[in-house]
Amino acid sequence: MTLYEKIAVLGPSAQYDTCGPKDFGQTTAIPGVYHAKVGGSHICRLFKVLQTNLCRHNCRYCAFRRDRDVRRATASPDEMARAFDSAWSRRLVEGLFLSSGIAGTPDQTMDRLIATAAILRNQYHYRGYLHLKVMPGASAAAISAAAELASRLSLNIESPTPESLADLSPDKDLKKGFFYTLSVIKQQLQKRRFAGKKIPSLTTQFVVGAGEETDRQIIIQTHQLYKSFGLKRVFYSAFRPVPQTPLANRPAESVTREHRLYQADFLLRFYRWQPWDIPLGQDGRLSALKDPKMIWAESHPQYFPVNLNHADYWQLLHVPGIGPRSAQKILSCRRQSCISSLTQLARQRFQIAKFSGFVSW
Ligand code: SF4
């Protein structure tokens with residue numbers, strides 16, 4: 001196989017991993033190059049690729065599970081670094097997202113990713129965005145080496161409970177595999193912080209809808225991950241069935257569920273909501289019809305109207321249509337003059353239609 005043929009296999013293979021900057025799918029003709037949102041709003045061309053799509057595991061939903069008959073490829077660290085550098089030096093890509101199937105032990109897999117990253121940083125003097133996947137069960141030494149080179153590390157948790165994970169990925173263990181590895185990552189990042197070194201951010205991903213997990217279980221686990229391990233982001237990926245896997249006939253999960261989980265996640269991260277503040281149905285699921293903040297507001301009429309001239313930042317945040325940025329903007333408007341009408345806010349481009357029924361002034 002030529003290097004181009006390998007990349008043609010390994011680039012599209014990474015599409016299943018959303019545990020990084022938000023990507024918009026394969027949007028260029030170059031295999032593995034995606035437009036992705038990094039750093040909040042900057043859209044960059046990201047080379048998203050697997051070092052190998054060989055895997056010793058047999059996750060029931062995965063295109064690269066051991067038992068699936070699929071074209072396999074492996075790039076050596078030299079080859080992968082060369083492929084990235086050739087695209088980067090021609091300004092075809094701006095960042096690298098490097099993941100891998102688990103071929104051999106977790107550390108053997110990590111060693112190949114780390115070697116690729118080291119070649120890029122030390123021989124090609126690449127200083128840009130570099131996302132490295134951490135394998136469950138990786139040693140402290142491997143994690144420390146990855147943290148030295150990466151802008152971001154990620155470890156995919158996939159499912160929120162030991163039972164649901166055992167069902168989807170029979171060889172994996174939530175406690176010994178994921179939480180133990182997360183605690184090792186946390187220790188290594190703390191060591192770097194004490195030593196005054198740069199700290200890569202840390203993310204994870206849930207596959208949503210491949211099993212019977214509820215949104216409640218996902219939200220509780222997400223909250224725990226943010227609180228206990230200092231994750232920067234949790235990503236949610238709606239399940240899509242892959243032919244010739246045990247879940248080939250399971251219906252695809254709706255993207256609305258994925259979207260609602262992102263809304264709930266936003267409430268946990270930026271609104272200081274606790275998992276029990278987020279309204280869920282009897283079945284433990286978020287409503288498909290309305291966003292969770294609107295449902296909360298409609299079921300707490302005693303909290304409204306919120307006075308735009310007197311409410312503090314956190315009270316303003318409970319109003320549907322007022323997010324962290326608009327709450328700050330309202331506070332700064334108030335410092336200049338009293339808010340005397342919604343028209344005054346409409347002139348400053350506030351989306352007043354959504355919150356007009358929930359506020360007074
Ligand atoms: S560990 Fe599971 S999800 Fe990851 S590549 Fe292997 S089979 Fe797929």
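Predicted model: local features only at pLDDT ≥ 70, side-chain atom pairs only at ≥ 80, totals over all residues.
Helix α6 itself covers residues 174–194, which makes 21 residues. Its length can be checked by simple reasoning. At 1.5 Å a residue, the helix should span 30 Å, and its end C-alpha atoms are 29 Å apart, so the two values agree. Just after α6, G196 adopts a positive phi of about 75°.

The surroundings of the helix come next. The buried residues of α6 are L174, G177, F178, F179, T181, L182, V184, I185, Q188, L189 and R192.

Around the ligand stand C55, H57, C59, Y61, C62, R65 and K172. Sorted by class, this shell contains four nonpolar residues, one polar residue and two charged residues.

Finally, the whole protein may be considered. It is divided into domain 1 (3–247), domain 2 (254–299) and domain 3 (302–360). How far apart do the C-alpha centres of domain 1 and domain 2 lie? The distance between these centres is 27 Å. The two domains also touch, with 19 residues of domain 1 in contact with 18 residues of domain 2.

Conventions
Residues numbered from 1 in each chain as written. Heavy atoms only, no water. Near = heavy atom within 4 Å. Nonpolar A, V, L, I, M, F, W, Y, C, P; charged D, E, K, R; others polar. Helix = DSSP H or I, 4+ residues; strand = E, 2+ residues; numbered from the N terminus. Expected span 1.5 Å × (residues − 1). Buried < 20%, exposed > 50% of the residue type's maximum accessible area, 1.4 Å probe, protein only. Domains from an automatic or database assignment. Contact = heavy atoms within 4.5 Å.
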